[in-house]
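Trainee: Please take me closely through one part of this structure, the packing of its aromatic residues and what surrounds them.

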Amino acid sequence: MTTRAILIRHGETEWTLNGRHTGHTDIPLTEGGRAAARQLAPLAAKVKFSLVLTSPLRRARETCELAGLGSQAQVDASLFEWNYGEYEGLTTSEIQDRAPGWMLFRDGCPGGESPGEVAARADAVIARALGQGGDVALFGHGHFFRMLAARWLALSPLAGSHFLLDPSTLSVLSHYHGIPAIKAWNAPLTFQP
């Protein structure tokens with residue numbers, strides 16, 4: 001059986017609404033984020049997952065629980081969002097004021113993680129998922145999932161910059177004739193893979 005990785009980005013938080021980089025700051029979902037997560041319940045009831053993994057952060061765990069998969073979930077620290085270091089809580093424009101031309105997937109973050117470090121975590125998640133032989137649900141974060149998509153396709157860490165991802169979305173990483181492929185990206189949570 002071919003493994004599919006179903007990526008579920010957590011629902012909105014106050015910081016996603018404000019465009020702030022939210023790495024390891026553990027903030028809750030907004031009521032809108034909770035309502036969006038509940039829309040996943042039909043998918044959770046329909047698809048049999050061989051493995052459900054969630055980031056340790058509250059916003060991802062809460063999305064997983066509200067989707068109805070909390071009882072199956074295992075916390076995996078490799079799914080943490082990018083560690084933004086000195087840029088935690090800042091908007092892109094605030095970061096650009098400090099470091100003109102900065103790009104996360106090329107430059108990483110001072111006091112935080114480099115693109116190579118995040119890519120290594122993504123590679124570990126991919127290896128774990130591929131070892132399952134069935135559908136795997138992953139609950140996590142935007143920048144990390146963008147890196148995961150690039151690494152699924154065997155692309156460089158910089159390629160993660162090409163995959164935009166909104167909160168409360170579902171993406172499907174799969175295979176086409178044995179070649180890693182993206183079946184769906186940034187789809188609404190009501191999408192049925």
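Mentor: Start with Phe144: its relative accessibility is 0%, so Phe144 counts as buried (buried means under 20% relative accessible area, exposed over 50%, partly exposed in between, with a 1.4 Å probe and protein chains only). Phe145 is also at 0% and counts as buried.

A word on the source. This is a predicted model, in which local features need pLDDT of at least 70, side-chain atom pairs count only at pLDDT 80 or more, and totals for chains, interfaces and linings use all residues. Residues are numbered from 1 along each chain as its sequence is written, and side-chain values use heavy atoms, with hydrogens and water left out.

Now the rings. A pair of aromatic rings is described by the distance of the centres and the angle of the planes. Rings of Phe, Tyr and Trp (its six-membered ring) pair if their centres lie within 6.5 Å; planes under 30 degrees apart count as stacked, over 60 as edge-to-face and the rest as tilted. By this rule there are four aromatic pairs. One of them joins Trp82 and Phe105, edge-to-face, with 5.3 Å from centre to centre and 90 degrees between the planes. This pair links distant parts of the chain, 23 residues apart: Trp82 sits in the loop between strand 3 (73-75) and helix 5 (92-98), and Phe105 in helix 6 (residues 104-107). Helices (H or I, at least four residues) and strands (E, at least two) are DSSP runs, numbered from the N terminus. Trp82 is buried at 0% relative accessible area, and Phe105 is buried at 4%. Phe144 and Phe145 have ring centres 6.4 Å apart and planes at 50 degrees, so their pair is tilted.

Next, the neighbours. Contact means heavy atoms within 4.5 Å. Not counting residues up to four places away in sequence, Phe145 touches Leu7, Ile8, Arg9, Leu79, Leu138, Phe139, Gly140, Leu165 and Trp185.

Then the core. A nonpolar core is a set of buried Ala, Val, Leu, Ile, Met, Phe, Trp, Tyr and Cys residues joined through side-chain atoms within 4.5 Å. The largest one has 33 residues, and Trp82, Leu138, Phe144, Phe145 and Leu148 touch the most other members. Elements giving two or more residues to this core are strand 1 (5-9), strand 2 (51-54), helix 6, helix 7 (115-130), strand 4 and helix 8. Helix 8 gives the most, with seven residues. A second, separate core of 18 residues includes Ile6, Ile8, Leu43 and Leu189.

His141 lies in the loop between strand 4 (136-140) and helix 8 (142-152). His141 is buried, with a relative accessible area of 0%. Beyond four places in sequence, the contacts of His141 include Arg9, His10, Ser55, Leu79 and Glu81.

At 7% relative accessibility, Phe49 counts as buried. Leaving aside neighbours within four places in sequence, Phe49 contacts Ile6, Leu69, Gln72, Asp135, Val136 and Ala137. Phe49 and Ala5 are 44 residues apart in sequence, and 9.6 Å apart in space, C-alpha to C-alpha.

Last, the sheet. Two strands pair if DSSP finds at least two bridges between them. Six strands form an open sheet in the order 3-2-4-1-5-6, with mixed pairing. Strand 3 and strand 6 (179-188) are the edge strands, each pairing on one side only. Strand 5 (residues 169-176) pairs with strand 6 in the antiparallel sense over seven bridges. There, Val172 stands opposite Ala184 in strand 6.
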